[in-house]
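Let's take a look at one helix and a couple of pockets in a protein model. Keep the 3D view open and follow along as you read.

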Amino acid sequence: DMGGHDTYMHKEIAEQAEAVDRVLRGRIDDRFATVHLGGLNLEPGEARRVRRIKILGCGTSYHAGQIGAQLIEELARIPSDAEPASEFRYRNPVVDPDTLYVAVSQSGETYDVLAAVQELKRKGARVLGVVNVVGSAIAREADGGTYVHAGPEVCVVSTKCFTNTVVAFALLALHLGRIRDLSVSDGKRIIEGLRRLPGQIDEILKTEPEIKKLAREYADAKSMLFIGRVRGYPVAREASLKLKEVSYIHAEAYPASELKHGPLALIEPAMPTVAIVPDDDLLEKNRAALEEIKARSGRILAVAHQVQEKADHTIVVPKNEDELDPILMGIPLQLFAYHTALALGRDIDKPRNLAKSVTVE
Ligand code: M6R
């Protein structure tokens with residue numbers, strides 16, 4: 001049942017405020033400025049002894065894990081990174097006893113992730129799951145974890161589950177942070193930011209008519225560049241994957257700082273750039289990148305907290321706490337990918353060559 005929407009993708013994009021509300025519900029502890037995650041199975045003493053966090057996933061879940069790693073590093077100050085599960089399992093990784101492993105998956109059935117979990121468990125590692133489908137294979141194999149509560153996601157292209165997975169990571173980061181060195185006031189600040197998310201998501205969704213117009217303007221591109229810096233970089237990667245999957249337009253994501261090391265050679269009017277420009281301590285750096293692109297006659301679509309003069313178009317999104325901004329900045333680009341695909345007459349819910357869950361090697 002698509003509830004009045006023409007595709008599941010559109011329905012699932014539209015459901016994100018409710019979905020985020022669901023992942024937050026019943027978990028916030030205002031008294032201690034923290035969150036409780038029931039099934040984590042990680043005692044405070046154990047959480048304090050974790051020296052590293054390695055997040056494993058594929059596709060969109062891997063991108064959510066990249067934002068998750070940044071959130072954990074920022075809020076809990078635990079060195080963290082994300083890696084595609086398939087790369088991890090084929091490179092004979094060093095499995096270290098002080099590392100906490102986190103497997104991320106919407107379906108909970110992705111074979112590469114499951115195989116990585118099984119290999120880690122065989123070697124005695126502690127593995128948590130951040131999974132959407134309750135009772136799925138990865139949820140069962142993991143030592144504990146948290147459900148993402150996005151609800152069923154039918155479209156092959158993941159949207160609401162991405163957003164909810166990042167929010168679930170924010171909760172995990174806050175939880176670990178408050179067991180370690182995150183202050184009460186920072187804990188409160190993050191909780192207030194989390195509570196603002198559903199309303200801000202609805203605000204973004206209201207700008208759909210404007211995004212639809214922009215998508216039509218850019219739909220003739222053969223290729224697009226997506227750039228971002230630090231918090232904005234995984235947002236750019238996920239937005240680029242979304243556009244490729246559903247519109248079949250080639251898209252490539254790059255850290256904005258790497259432009260001058262090569263991709264600047266691609267810039268010309270026929271190669272538009274989508275730039276993630278949050279209003280944080282890197283704003284001036286990002287503006288400089290826009291200037292470099294403009295000087296080479298590149299078209300720019302910015303996703304930002306204020307109109308960017310150097311950009312041809314800006315999609316303005318509401319500001320949250322710096323750490324939580326990536327959760328919101330990807331949402332207009334889901335709509336952008338959707339409307340581009342619609343303009344090109346693509347099979348939105350079932351893009352060619354793809355399956356919802358990849359249960360084979
Ligand atoms: O079910 P999973 O989250 O484990 O799936 C991982 C990827 O296969 C998935 O995210 C894929 O990249 C989607 N088509 C993204 O839209």
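## A helix and its neighbours

Start with helix α10: its buried residues pack against α1 (8-14), α9 (184-205), β8 (223-228), β11 (300-304), β12 (313-316) and α14 (331-343). Keep in mind that this is a predicted model.

Which residues of α10 are buried? The helix covers residues 208-218, and the buried ones are Glu208, Ile211, Leu214, Ala215 and Tyr218. If you look down the axis of α10, these buried residues fall within an arc of 120 degrees, so they line one face of the helix.

Now turn to the other side of α10, where you'll find Pro209, Lys213 and Arg216 exposed.

## The largest pocket

The largest pocket holds about 450 Å³ of space. It is lined by 22 residues, and Cys58, Gly59, Thr60, Lys356 and Val358 are the closest to its centre. Three elements show up with two or more lining residues: α4 (59-76), β5 (99-105) and α11 (232-247). The largest share, three residues, comes from α4.

Next comes the second largest pocket, with about 190 Å³ of space. Among the residues lining this pocket are Leu42, Glu46, Arg49, Asp96, Thr99 and Arg126. Both α3 (44-49) and β5 supply at least two residues each to the lining.

What kinds of residues line the second largest pocket? They split into five nonpolar, two polar and five charged.

Methods:
Residues numbered from 1 in each chain as written. Predicted model: local features only at pLDDT ≥ 70, side-chain atom pairs only at ≥ 80, totals over all residues. Heavy atoms only, no water. Buried < 20%, exposed > 50% of the residue type's maximum accessible area, 1.4 Å probe, protein only. Helix = DSSP H or I, 4+ residues; strand = E, 2+ residues; numbered from the N terminus. Arc of directions from axis to C-beta. Contact = heavy atoms within 4.5 Å. 1 Å grid on protein atoms, 1.4 Å probe; cavity = no way out; pocket = protein on both sides within 12 Å on 5 of 7 lines; lining within 4 Å. Points joined across faces, edges and corners; volume = space filled by probe spheres on them. Nonpolar A, V, L, I, M, F, W, Y, C, P; charged D, E, K, R; others polar.
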